[in-house]
Amino acid sequence: MPRYAQLVMGPAGSGKSTYCSTLIQHAEAINRSVQVVNLDPAAEHFDYPVMADIRELIMVDDVMEDESLRFGPNGGLVFCMEYFVNNFDWLEESLGHVEDDYILFDCPGQIELYTHLPVMRQLVEQLQQWEFRVCGVFLVDSQFMVETFKFISGIMAALSAMVSLEIPTVNIMTKMDLLNPKAKKEIEKYLDPDMYSMMEDNSVTIRSKKFKKLTKAICGLIDDYSMVRFLPFDRTDEEGINIVLQHIDFSIQYGEDLEFKEPKEPEEEPDNTNYDDFFQDKVEDWEVT
């Protein structure tokens, strides 16, 4: 039986830990088992239990305080993640091996880990060797995406991660509950964008011909790939959370391998009722279906 994983990615402050917390609460409400693994060695606080925490292996503060290394915050985090890659046996031991595991990996927010460093790609390959079906979940802050040029920047970051990791990816706009009604209406056009129309709408603000040409080329790249669409995520909307989860489950085929269980026969059968034939007919119907 396969196991399932979400790599929760995105820039710092995009709401990754809040997303994990919300999904844990939603899973409890629908009686579903979901676990979280913290892969951020610089994390400080989160309000949910974790089955594994990378800080038990290495912490950014310890690396930065090491006189022989003298790393800053970014260099320290990269060092921690490279150390983590060389110690995958720690992760394997922490995860164990339980069939139908569904695990959220709360990843660091440094975007270079997903774009030009091989760290997260190596993690994906290792999880796949452990029979995980992996889906990337790339988060962007909706408050950041309400302007066209910032939106294009967010799309390029998401697209870069998708191309680098080569896994199914669901892109999400978080913190929709923090937007005012006007901003919510404005952001609807960014959920399924027409890049050329958006560029035309902002052509007046582009004064440089070279910048306009570059922007047009970027829009063409995004439109040619046609891979980036965003789902809204409002932590107060249970139906919206369920829609996001359904998209992710579909991308990793969650639930397709679940086996039907035969119903138990009652201890006492009423008179003149043949339950054996009744249950046998039901089982045959399910097998046909």
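At what angle do H1 and helix H11 (residues 238-251) pack, and how far apart are their axes? In this predicted model, the two helices meet at an angle of about 100°, with their axes 11 Å apart, and that makes H1 roughly perpendicular to H11.

**Packing of H1 with H11**

- On the side of H1, the contact is made by Tyr19, Thr22, Leu23 and His26, while H11 contributes Glu238, Ile241, Asn242, Leu245 and Ile248.
- Sorted by class, the residues in the contact of H1 with H11 are 5 nonpolar, 3 polar and 1 charged.

**Packing of H4 with H6**

- Helix H4 (residues 88-95) packs with helix H6 (residues 119-129) at an angle of about 45°, and their axes lie 12 Å apart, which makes H4 oblique to H6.
- The crossing in which H4 passes H6 is right-handed.
- From H4, Phe88, Leu91 and Leu95 meet Gln122, Leu123, Gln126 and Leu127 of H6, and by class this contact of H4 with H6 has 5 nonpolar and 2 polar residues but no charged ones.

- In soluble globular proteins, nonpolar side chains tend to be buried together.
- The largest nonpolar core holds 61 residues, and of these Leu7, Phe105 and Met173 touch the most other members; helix H7 (residues 148-165) supplies the largest share of this core, with 9 residues.
- When its neighbours within four places in sequence are left aside, Phe105 is in contact with Ala5, Gln6, Leu7, Val8, Val37, Leu39, Leu91, Leu95 and Leu127; of these partners, Leu91 and Leu95 in H4 and Leu127 in H6 also take part in the contact between those two helices.

**Positive phi outside glycine**

- Asn31, although not a glycine, has a positive phi of about 60°; Asn31 is placed in the loop between helix H1 (16-29) and strand E2 (35-38), and at 73% relative accessibility Asn31 counts as exposed, because the cut-off for that class is over 50%.
- Lys175, likewise a residue other than glycine, has a positive phi near 60°; the place of Lys175 is in the loop between strand E6 (169-174) and helix H8 (181-191), and with a relative accessible area of 24% Lys175 is partly exposed.

Notes:
Residues numbered from 1 in each chain as written. Predicted model: local features only at pLDDT ≥ 70, side-chain atom pairs only at ≥ 80, totals over all residues. Heavy atoms only, no water. Axes fitted to C-alpha atoms, helices over the stretch in contact; angles between N-to-C directions. Helix = DSSP H or I, 4+ residues; strand = E, 2+ residues; numbered from the N terminus. Parallel < 35°, antiparallel > 145°, perpendicular 65-115°, else oblique. Left-handed = near helix turned anticlockwise from the far one by under 90°. Contact = heavy atoms within 4.5 Å. Nonpolar A, V, L, I, M, F, W, Y, C, P; charged D, E, K, R; others polar. Core = buried A, V, L, I, M, F, W, Y, C linked by side-chain atoms within 4.5 Å. Buried < 20%, exposed > 50% of the residue type's maximum accessible area, 1.4 Å probe, protein only.
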